[in-house]
Amino acid sequence: MIIFLTIFMMGLGSYAMRAVFILLLSNRRFPPSALKALEYVGPAVMAALVMTMLLSPEGGNAPGVNEWAGLGTAAVVALVTRNHIYVLTLAMAVYWGVGYLV
Amino acid sequence: MLSDSNSLKPNYVRRGFLDALILVIPAIPFALVFGLAVRESGIAIWLGWSSSPIMFSGAAQITLITLLGEGASVAAAATAALVVGARHLFYSFSMAPVMQHQPSWFRWFAPYMLVDQVFALCVGKQDLPAADFRRYYLAAGMTFWVFWMTFTALGLFVGPVLPAGLDITFATPVLFMGLLVTTIDGWQKAVVAVFAMVVTFLLADMPSRSGLLVAALAGLILGLVLERFRR
């Protein structure tokens with residue numbers, strides 16, 4: 001129940017963020033500093049999320065060699081191809097391959 | 001003849017459908033990984049899937065479900081998912097002018113479908129006549145909606161089919177790493193990303209995964225500081 005309630009509230013939140021300016025704004029201007037700040041939200045929170053997912057739920061232990069290799073591959077492939085299908089297949093292949101070797 | 005003049009008019013429903021179809025393909029891994037994340041989280045699968053129609057927001061859904069499954073508090077998981085979705089504020093802002101020419105039912109309905117791909121397709125179509133813009137937007141949005149509902153449901157059943165021993169949970173950080181890299185378009189953002197990772201790592205022992213919020217905020221502040229040094 002608490003999970004459904006959370007999802008429902010998140011649905012309202014997602015809608016609100018997409019609707020707020022479309023419904024309210026007509027000719028007001030967004031402060032440029034706020035727009036700049038919004039640009040940095042993506043890199044900051046995505047990076048924090050990636051690291052959070054690498055750390056075990058119990059906290060503490062550092063990612064292994066295979067995890068670093070997989071993430072490194074993902075970063076390089078994303079940089080070069082910008083294609084998430086290549087990112088997923090190549091990085092997972094490296095992750096499994098290195099995990100098998102070490 | 002009437003039919004001739006009709007056939008000369010570009011069909012924006014068809015065009016929106018076809019343009020969205022192309023963008024569906026790179027989104028397939030996210031839909032499947034979401035399904036895997038639901039399985040992994042221990043949340044009832046259809047309850048987890050219900051976030052697809054309710055939230056219709058890929059990365060935020062994956063964030064919410066993954067963090068809940070990892071034992072984060074509801075508050076921490078929800079805050080993180082909201083922050084992940086914060087870029088939609090920018091979409092809403094960018095779309096506001098063109099929406100002023102639309103009927104109010106559409107202005108209330110359109111935000112529900114304002115996902116990354118629909119924004120990317122429609123932001124360049126602001127010069128279309130209002131009715132054509134609406135057709136294009138609805139066709140693209142609904143195409144993407146049907147895709148997302150179907151493939152996140154399929155993702156629920158992909159995990160059990162994969163051979164045992166293949167650790168598939170790593171797919172989520174991999175895809176997020178890909179997303180992260182595509183948001184970086186300057187050294188400042190690269191520095192911010194590395195900094196946020198280091199802070200998250202150092203704060204790993206904070207209760208219910210709240211370290212990530214502190215790290216994201218610290219990264220954001222560093223970004224704004226670096227922005228000052230730009231000129």
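These notes go through a predicted model with chains A and B, point by point.

1. Conventions. Residues are numbered from 1 along each chain as its sequence is written, and chains are lettered from A, with ligands numbered from 1, in the order in which they are written. As the model is predicted, local features need pLDDT of at least 70 and side-chain atom pairs count only at pLDDT 80 or more, while totals for chains, interfaces and linings use all residues.

2. Confidence. The model scores ipTM 0.84 and pTM 0.78. Chain A has an average pLDDT (the predictor's confidence in each residue, from 0 to 100) of 85, and 88% of its residues score at least 70. For chain B the average is 87, with 93% of the residues at 70 or above.

3. In chain A, helix α1 (residues 2-24) has the highest mean, 94, and α2(A) the lowest, 83. In chain B the highest value, 97, belongs to α4(B), and the lowest, a mean of 49, to helix α1 (residues 2-8). Over residues 1-5 of chain B, pLDDT stays under 50, and the model gives this stretch zero contacts beyond four places in sequence. Where pLDDT is low, the predicted coordinates should not be read in detail.

4. Chain A. Of its 102 residues, 38% count as buried (20 or more other C-beta atoms within 10 Å of the residue's own; 12 or fewer is exposed, in between is partly exposed, and C-beta atoms are placed from the backbone).

5. Helix α2 of chain A. The helix covers residues 32-54, 23 residues in total, and reaches 35 Å from its first C-alpha to its last. That is close to the expected 33 Å (1.5 Å times one less than the number of residues). At A:Tyr40 the helix α2(A) bends by about 25° (the angle between axes fitted to the seven residues ending there and the seven starting there). A proline, A:Pro43, follows within four residues.

6. Chain B overall. The secondary structure of chain B comes to 13 helices and zero strands. Its C-alpha trace spans about 75 × 55 × 30 Å along its principal axes. Of the 231 residues of chain B, 47% count as buried. Take the contacts (C-beta atoms, placed from the backbone, within 7 Å) between residues at least 6 apart in sequence: in chain B, 69% of them join residues at least 24 apart.

7. Domains of chain B. Chain B is divided into domain 1 (2-161) and domain 2 (184-229), with bounds that come from an automatic or database domain assignment. The centres of the two domains, taken over C-alpha atoms, are separated by 27 Å. Nine residues of domain 1 are in contact with six residues of domain 2. On the domain 1 side, α6(B) gives the most, with four residues.

8. B:Arg134. This residue is found in helix α10 (residues 130-155) of chain B. B:Arg134 counts as buried because 21 other C-beta atoms lie within 10 Å. Leaving aside neighbours within four places in sequence, B:Arg134 is in contact with B:Gln102 and B:Phe106. B:Phe106 is 28 residues away from B:Arg134 in sequence, but their C-alpha atoms are 7.9 Å apart in space.

9. Helix α12 of chain B. The end C-alpha atoms of α12(B) are 23 Å apart, which agrees with the 22 Å that its 16 residues should span at 1.5 Å a residue. Its buried residues include B:Gln188, B:Lys189, B:Val192 and B:Phe195. The buried residues of α12(B) pack against α2 of chain A, together with α11 and α13 of chain B.

10. Where the chains meet. In this interface, 75 residues of chain B are in contact with 61 residues of chain A. Elements of chain B that give two or more residues to the side touching chain A include α2 (12-41), α7 (87-99), α11 (171-183) and α13 (211-229). The largest share of that side, 13 residues, comes from α11(B). By type, the residues on the chain B side divide into 51 nonpolar, 17 polar and seven charged (Ala, Val, Leu, Ile, Met, Phe, Trp, Tyr, Cys and Pro count as nonpolar, Asp, Glu, Lys and Arg as charged, and the others, Gly among them, as polar).

Technical notes
Contact = placed C-beta atoms within 7 Å.
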